Amino acid sequence: MSLWFEQLIKFTTDSVGLERTFRLVQSVVQILSRFALPFDLLLYVLTLSTASPPTVTATRTILAVLNQRIGLARRYFRLFRFLESFNAAQKIYSRLASSASSSGPRRPAWVQVEPWLDMSSKTFNGLYFLLEATTTVDALAVPGLRVWAPEQERRVATEAQRFWLFGLVCGLLFNLLEILNVLACTPVPATGSGFGGVGTGESTAEAEAEDEKKGEVSEKEKLANDLKKEQLRLRAIVRGRKQQRVLWRREVQGKISKLGRGAVANALDTILPGSAIGWLNVEPGTVSLAMFVTTILTGMDVWERCGREVLAGK
């Protein structure tokens, strides 16, 4: 079985990966219903594939119901996510409290603000998940089964979207500061005479053993051997430095890529709750496109995590 297929299985059976999959399908359904060209293409495909294709009104009704049902299915995966968010926020606060009690060198202000933004982001997300969970029973639309009155349910849902927006803004600021932290504080590979010492020791030992076997040599041959040893030592140093520089650059690029992806996803995701609470005047089609893009960006993190888990199980 190929590694990619095992990673796909891991992703589609992971709760977060499955939720991202449903979110992607939901965004596609919204794009089909809110843009004329994709909707016309859908009607054309239905005309070719079915003997009696549905009308325009019926197709829009189907898409609207499908969007609502997929959204409800996604909520089941998020039902207890508030526990995860509050637990993560509590761990960050514990680390902050322990670091505050210990004396150490004073750090820049933006470095001190960074963990507080991360904790605030997780706290706001926890409040969003908690309020959303309280309206799950109402979202089932079972006659006679409600937790909130209709007006209260709408108010709670609006406040949940507001907390989500706050969490996204804090997460965006955290990602930007973390990128700055990576660029400023990631240590550059060490240099010096001791660098690449392993290769130097091996080449020197081999040369010395060869000299002992040959016995006495002339002065010119000795100088030539010394020069060769020095060349081997310098080459080993340069080779080691190049390898460390490549690894360092790859590590920094990987961190910045992941953080930048998260920053873009958080920035675009603010469109969803911002439009829901009326703070942003955005067309519904734009919201659907933002949802589609951010689903792919956030799903990549889950995909990479599943890949690491598959490799760890080998």
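**The chain as a whole**

Please keep in mind that this is a predicted model. The chain contains 12 helices and 0 strands, so its pattern along the sequence is simply α-α-α-α-α-α-α-α-α-α-α-α. Of the 314 residues in the chain, 32% are buried. Among the contacts with a separation of 6 or more, 79% join residues 24 or more positions apart. The accessible surface of the chain is about 19,400 Å², and carbon and sulfur atoms account for 63% of that area.

**Salt bridges**

Side chains of opposite charge can pair when their charged atoms come close. How many salt bridges does a search of the whole structure find? The count is 16.

| Pair | Distance (N to O) |
|---|---|
| Lys10 and Glu309 | 3.5 Å |
| Arg305 and Asp14 | 3.0 Å |
| Glu151 and Arg154 | 2.7 Å |

Lys10 and Glu309 meet in a salt bridge. This pair links distant parts of the chain, with Lys10 in helix 1 (residues 3–13) and Glu309 in helix 12, 299 residues apart. Lys10 is partly exposed at 34% relative accessibility, and Glu309 is partly exposed as well, with a relative accessible area of 33%.

Arg305 and Asp14 also meet in a salt bridge. Is Asp14 buried or exposed? Asp14 has a relative accessible area of 15%, so it counts as buried, whereas Arg305, at 25%, is partly exposed.

Glu151 has a relative accessible area of 46% and is partly exposed, and Arg154 is partly exposed at 47%.

Beyond these pairs, a network of salt bridges links Glu19, Arg20, Arg74, Arg78 and Glu132.

**A nonpolar patch on the surface**

Which residues form a nonpolar patch on the surface? They are Leu24, Val28, Ile296 and Met300, and together they have about 270 Å² of accessible area. Helix 2 (15–34) and helix 12 (284–312) each supply at least two residues of this patch. Met300 lies in helix 12 and has a relative accessible area of 33%, so it counts as partly exposed.

**Two residues of helix 6**

Asp118 lies in helix 6 (residues 109–134). With a relative accessible area of 14%, Asp118 falls under the 20% limit and is therefore buried. The side chain of Asp118 makes a polar contact with the side chain of Lys122 at 2.8 Å. Leaving aside residues up to four places away in sequence, Asp118 touches Ile92 and Phe174.

Gln112 is found in helix 6 too. Gln112 is partly exposed, with a relative accessible area of 31%. The C-alpha atoms of Gln112 and Leu96 are separated by 9.4 Å, and the two residues are 16 residues apart along the chain.

Notes: Residues are numbered from 1 along each chain as its sequence is written. This is a predicted model: local features need pLDDT of at least 70, side-chain atom pairs count only at pLDDT 80 or more; totals for chains, interfaces and linings use all residues. Side-chain values use heavy atoms; hydrogens and water are left out. Helices (H or I, at least four residues) and strands (E, at least two) are DSSP runs, numbered from the N terminus. Buried means under 20% relative accessible area, exposed over 50%, partly exposed in between (1.4 Å probe, protein chains only). Contact means heavy atoms within 4.5 Å. Accessible areas come from the Shrake-Rupley method with a 1.4 Å probe; for residues, only the protein chains shown count as cover. A polar contact is a pair of N or O atoms within 3.5 Å; within protein, one must be able to donate a hydrogen and the other to accept it, and residues adjacent in sequence count only if both atoms are side-chain atoms. Patches are made of residues with over 30% relative accessible area and no salt bridge: like charges are joined within 9 Å, nonpolar side chains (Val, Leu, Ile, Met, Phe, Trp, Tyr) within 5 Å. A salt bridge is a side-chain nitrogen of Lys or Arg within 4 Å of a carboxyl oxygen of Asp or Glu.
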